[in-house]
Amino acid sequence: MLVKINGSAVYGVEAIPIIIEVNWMPTGKDPMIVGLPDSAVKESWQRVESTIKANNFEMPRTKIVVNLAPADIKKSGAAFDLPIALGLLAATEQLKNAAALSDYVIMGELGLDGTLRAIKGALPIAIQARKRGFKGLIVPKVNAREAGMVNQLDVYGVEHIREVVDFFENGMQGLDPVVVNTREEFFHSQYDFDIDFSDVKGQENIKRALEIAAAGGHNALLIGPPGAGKTMLAKRLPTILPPLTLQEALETTKIHSVAGKLPENATLVSRRPFRSPHHTISDVALVGGGGTPQPGEISLAHNGVLFLDELPEFKRTVLEVMRQPMEERRVTISRAKIAVDFPASFMLMASMNPCPCGFHNHPERTCTCPPGAVQKYLNKISGPLLDRIDLHVEVTPVHFQELSVLKKEKSSEEIRANVIRARDIQAGRFNESPGIYCNAQMSSKQLKEICIIDQVGQALLKKAMEKLSLSARAYDRILKVARTIADLEGSAAIRPEFIAEAIQYRSLDRENWAG
C-alpha cells in the first residue's frame with residue numbers, strides 16, 4: 001500500500017514542501033530511503049524501527065521504499081523520522097483513518113522509544129504550511145510555541161508518537177492546538193535588559209557617539225587602551241536601539257529558528273540580537289555556508305548588532321568577506337546545485353587597542369611598542385573595511401574622580417527616547433523607499449537629494465577631505481552621520497557644526513595618528 005505524508009525542508013530561511021511517500025510491498029526485502037537523503041535521514045530507519053518495536057507495533061520484514069519528493073533536492077536532518085514512521089504504520093494498515101494524514105504537515109525527530117525531540121526551522125515550516133492551506137501542523141512540543149505564532153493554522157505539540165497515532169485514530173481528538181498571544185508576549189519583554197547605560201561612569205563623548213550610531217544605524221569602531229570601557233559600552237548598545245517591529249522580529253526569529261538557536265518553548269525574538277564571535281572564527285562561520293548552507297554570525301545579527309572585540313586579532317580573510325554583505329545587507333551562499341540568500345542587515349560595532357601593548361596615545365602611560373609596530377598593527381585592518389565604518393571613536397581611561405562621584409548618569413531609556421525620535425524622522429523620510437529605514441542605508445542618489453549643505457559646510461568638508469586624504473566613501477559617510485546628528489537635534493538643515501562633529505569621528509583618518 002502506498003501512503004503520502006506532507007512535510008517540509010528548510011533552505012535558507014524559507015521552507016519548501018516535501019512529500020514523504022512510503023510504499024510497502026509484500027515481496028522483497030531490504031528497506032530503502034531514496035530522494036537524495038543525507039546520512040542523518042538514512043539513519044532514521046534505525047530510529048523508526050526501534051520506535052515501531054518499542055510501541056508494540058509490527059515491523060514488516062518485506063520491502064519498504066521511502067521516497068522524499070522532489071527527488072532532486074538534497075534532504076538533511078532527522079526531522080523526517082516522524083512522518084516516515086507514520087507513513088510506515090499507515091502503509092501496513094496499522095494506523096486507522098490514514099486518509100486524514102493528507103490534511104496535516106508532520107515533522108519531528110524520534111528517540112528510540114518514540115519520544116520526540118526538537119527540530120530546526122519550525123517557524124518557516126509553519127508559515128509554509130499556512131501558505132499551502134493545510135488544516136494543521138504537528139511538531140514536537142518544544143517547537144509548538146515557536147510554530148504557534150503563525151495565525152490561521154492549528155499547531156499541535158506532541159511528546160510521543162503514541163499521541164499522534166491516538167489523535168488520528170480518535171478522529172482528530174485528544175490534542176489541543178497551541179494558543180500563543182504573540183503581540184502580548186512580544187511587547188511585554190521588549191525592554192527587559194539586565195544592563196543599562198547608567199552603569200557607565202563618565203565617557204560622555206563615547207555615549208554621544210553611540211547615540212548617533214544607534215540613531216542612524218551607523219557602524220562604529222571604539223579605539224582605546226585596555227580597561228577603558230570599550231566592551232562595556234558596546235554591550236549596552238542594544239539597550240538604546242529602537243525596539244523591533246513585529247516584521248523585524250519575525251525575520252530575526254526565522255533565522256534563529258533555521259540555525260537551531262532558539263531556546264525551547266520560545267516564541268518571537270523580542271529584543272535586537274547582539275552577537276559577539278571570538279576572534280578565532282572562520283570566514284564560513286561568520287558569513288554562513290557549509291554543505292547544506294546555514295546562516296553565519298552576520299545573519300544571526302540581522303536587525304541587531306555584530307560586535308567584533310579586538311578587531312585586529314581577527315584573520316584578515318574573515319574581515320574581508322564582510323565587506324560586500326555590509327553594503328548589500330544580505331549574503332548569497334552559492335553551491336553547485338543551490339544558491340541561498342540570507343539577510344544580513346546588521347550594525348557593526350568593533351573595538352581595538354591602539355597598538356600591541358595597548359597604550360599608544362595614553363595620557364599617563366608610555367607605549368612600549370618598537371618603532372613601526374603601531375602602524376603595522378593598524379594595517380591588519382584594510383582601508384576598504386575602515387571606510388565602511390562611519391564612526392572611529394577614541395576611548396580614553398576614566399579617572400578616579402569620575403568613577404567615585406555619585407552623579408546620576410543618563411539611562412538607556414532616556415537615550416533610547418532620543419534615538420526613537422530621530423528614527424521616526426527617518427521613517428517619514430524613507431517612507432516611499434522600500435528596504436531603507438535609516439540614514440546609514442540611504443543610496444548615493446538619496447544622499448544628493450537629502451544631505452544638502454551650505455557653502456560654509458562645503459568649505460569645511462573640502463578642507464577635511466584634503467587634510468585627511470579621505471576617500472569618496474568616507475565623504476558619503478560623513479554626510480550621512482551629519483544628517484543623523486541633525487535629526488537628533490531636530491534640525492531640517494545640516495549645519496556646519498554638525499559636519500564638524502561628524503568629521504571628528506574619523507580618528508583613524510587623521511594624519512600621523514599612528515605616529
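**Ser8**

I started at Ser8, which sits in strand β1 (residues 2-11); helices (H or I, at least four residues) and strands (E, at least two) are DSSP runs numbered from the N terminus. The model is a predicted one: local features need pLDDT of at least 70, side-chain atom pairs count only at pLDDT 80 or more, and totals for chains, interfaces and linings use all residues. Residues are numbered from 1 along each chain as its sequence is written, and side-chain values use heavy atoms, with hydrogens and water left out.

Is Ser8 buried or exposed? Ser8 counts as buried, because its relative accessibility is 2%. My cut-offs: buried is under 20% relative accessible area, exposed is over 50%, and partly exposed is in between (1.4 Å probe, protein chains only).

Next I listed what Ser8 touches, with contact meaning heavy atoms within 4.5 Å. Leaving aside neighbours within four places in sequence, Ser8 is in contact with Ala15, Ile16, Pro17, Ile18, Phe80, Val105, Met107, Ile125, Gln128 and Arg132.

**Nonpolar cores**

I then looked up the cores, each a set of buried Ala, Val, Leu, Ile, Met, Phe, Trp, Tyr and Cys residues joined through side-chain atoms within 4.5 Å. The largest has 67 residues, and the members that touch the most others are Val66, Phe80, Leu101, Ile106, Leu137, Ile138 and Phe168. Helix α3 (residues 81-91) gives this core its largest share, eight residues. There is also a second, separate core of 51 residues, with Ala234, Leu237, Leu468 and Ala482 among them.

I checked Val66 by itself: not counting residues up to four places away in sequence, Val66 touches Ile20, Glu21, Val22, Met32, Ile33, Val34, Trp45 and Ile84.

**Around α3**

Ala69 and Pro70 are joined by a cis peptide bond, with omega about 0°. Pro70 lies in the loop between β4 (64-69) and α3.

In the loop between α3 and β5 (104-106) I found Glu93. Phi of Glu93 is near 60°, a positive value in a residue other than glycine. Glu93 is exposed, because its relative accessible area is 64%.

Asn97 is found in the loop between α3 and β5 as well. Phi of Asn97 is also positive, near 60°, again in a residue other than glycine. Asn97 counts as partly exposed because its relative accessible area is 36%.

**Rings**

I paired rings of Phe, Tyr and Trp (its six-membered ring) if their centres lie within 6.5 Å; planes under 30 degrees apart are stacked, over 60 edge-to-face, and the rest tilted. That rule gives six aromatic pairs. I looked at Tyr156 with Phe167, which is tilted: 5.0 Å centre to centre and 50° between the planes. This pair links distant parts of the chain, with Tyr156 in strand β9 (residues 154-158) and Phe167 in helix α6 (residues 161-169), eleven residues apart. Tyr156 and Phe167 are both buried. Ring pairs link Tyr104, Tyr156, Phe167 and Phe168 into a cluster.

I also looked for charges over rings (NZ of Lys or CZ of Arg within 6 Å of the ring centre and within 35 degrees of the ring normal). The charged end of Arg365 sits over the ring of Phe359, 4.0 Å from its centre. Arg429 lies over the face of Phe430, at 6.0 Å from the ring centre.

What span should helix α10 (residues 246-258) have? I used 1.5 Å times one less than the number of residues. Its 13 residues should therefore span 18 Å, and the end C-alpha atoms are 18 Å apart, which agrees. The buried residues of α10 are Glu248, Ala249, Thr252, Thr253, Lys254, Ile255, His256, Ser257 and Val258. Gly260 follows α10 and has a positive phi, near 70°.

In helix α22 (residues 496-504), the buried residues I noted are Phe498, Ile499, Glu501, Ala502 and Ile503. Their cover includes α8 (204-216), α20 (455-468) and α21 (472-488).

**Whole chain**

Last, the totals. I have 22 helices and 18 strands in the chain. Of its 515 residues, 54% count as buried. The C-alpha atoms fill a box of roughly 85 × 50 × 45 Å along the principal axes. Among contacts between residues at least 6 apart in sequence, 75% join residues at least 24 apart. The accessible surface (Shrake-Rupley, 1.4 Å probe) comes to about 23100 Å², with 50% belonging to carbon and sulfur atoms.
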